[in-house]
Amino acid sequence: MPRLENGGWSCSCAARGRHRAQPGDTAAELAAKVGGMLSSSGASPSLTLVGTGARSSSTATSTSSTLNWSQHLVQRSVVLFVVGAFMALVLNLLQIQRNVTLFPDEVISTLFSSAWWVPPCCGTAAAVVGLLYPCIDSHLGEPHKFKREWASVMRCIAVFVGINHASAKLDFANNVQLSLTLAALSLGLWWTFDRSRSGLGLGITIAFVATLITQFLVYNGVYQYTSPDFLYIRSWLPCIFFSGGVTVGNIGRQLAMGIPEKPHND
């Protein structure tokens, strides 16, 4: 009997020990779960910080690219403006000396023997055309790579000046022969230094718009042409505008080489 009582007492003590051990195990499990939750909650802010840092870095890169692109755009615009204004002064002076264009006496007596509005207008037009050519190439997905070097651009400028010089120097029996000759030279300039569909289309568009503007100016008496045979102007003038557009377009394309494209915001 004492042994049974001792055995029963020991069994009941073991059972109570097991019941007492269960709350301890449960507390350990709760502590483990709480620790896991704390570790996960500590990792989440770090992941959030990493994501925020990546987004801020991407935004900073995009902003820097936009600033660089804007700076290059302004630089190209200034260069094109200066080139257009200088060429307008030189070529217009040549036309005036050959009595092809006539300005009022008060205009001829100025420093450059040209109207004050000619350089800024031609410079602005050169900047617009020079920026438009590479923009159209990019839009069409046809980057112009034919003779992309400054030596070719300088030869194109020389040929354009020669065409303009020929319009004032060459003497033909009539203006129609001169117009046909300059038209052939202008197309030869496009074929030699451009050969792109966008260049041909833009050149024709520029010649058409510039001719309309010139007709309007001459009609309102701003200046005039001697021996007009195409309404109020010379019939070869659209050829000069066409070759000038192709030349300025080549300058703009060459300036745009190596310039990163405008970044897009996703």
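Arg253 pairs with Asp194 in a salt bridge, the closest N and O atoms being 3.0 Å apart; the term stands for a side-chain nitrogen of Lys or Arg within 4 Å of a carboxyl oxygen of Asp or Glu. This pair links distant parts of the chain, 59 residues apart, with Arg253 in helix α7 and Asp194 in the loop between α5 and α6. Both Arg253 and Asp194 are buried (under 20% relative accessible area, with exposed meaning over 50% and partly exposed in between, using a 1.4 Å probe and protein chains only). Salt bridges with shared partners join Asp137, Asp194 and Arg253 into one network.

The side chains of Asp137 and Arg253 meet at 2.7 Å, N to O. Asp137 sits in helix α3 and Arg253 in helix α7, so this pair ties together parts that are 116 residues apart in sequence. Like Arg253, Asp137 is buried.

## About the model

Please keep in mind that this is a predicted model, where local features need pLDDT of at least 70, side-chain atom pairs count only at pLDDT 80 or more, and totals for chains, interfaces and linings use all residues. Residues are numbered from 1 along each chain as its sequence is written, and side-chain values use heavy atoms, leaving out hydrogens and water.

## Another salt bridge

The whole structure holds three salt bridges. One of them joins Arg155 and Glu149, with the closest N and O atoms 3.8 Å apart. Here Arg155 is partly exposed at 43% relative accessibility, and Glu149 is partly exposed at 40%.

## Overall fold

The protein chain has seven helices and two strands, running α-β-α-α-α-α-α-β-α from the N terminus on. These elements are DSSP runs numbered from the N terminus: helices are H or I with at least four residues, strands E with at least two.

UniProt, in an unreviewed entry, places "transmembrane region" features at several spans, including residues 200–219 and 231–252; such annotations may be inferred rather than shown by experiment. In the model, residues 200–219 are 100% helix, their end C-alpha atoms lying 28 Å apart. For residues 231–252, the helix share is 73% and the end C-alpha atoms lie 32 Å apart.

## The nonpolar core

The largest nonpolar core has 42 residues, among which Leu182, Leu189, Tyr225 and Trp236 touch the most other members. Such a core is a set of buried Ala, Val, Leu, Ile, Met, Phe, Trp, Tyr and Cys residues joined through side-chain atoms within 4.5 Å. Helix α7 gives this core its largest share, eight residues.
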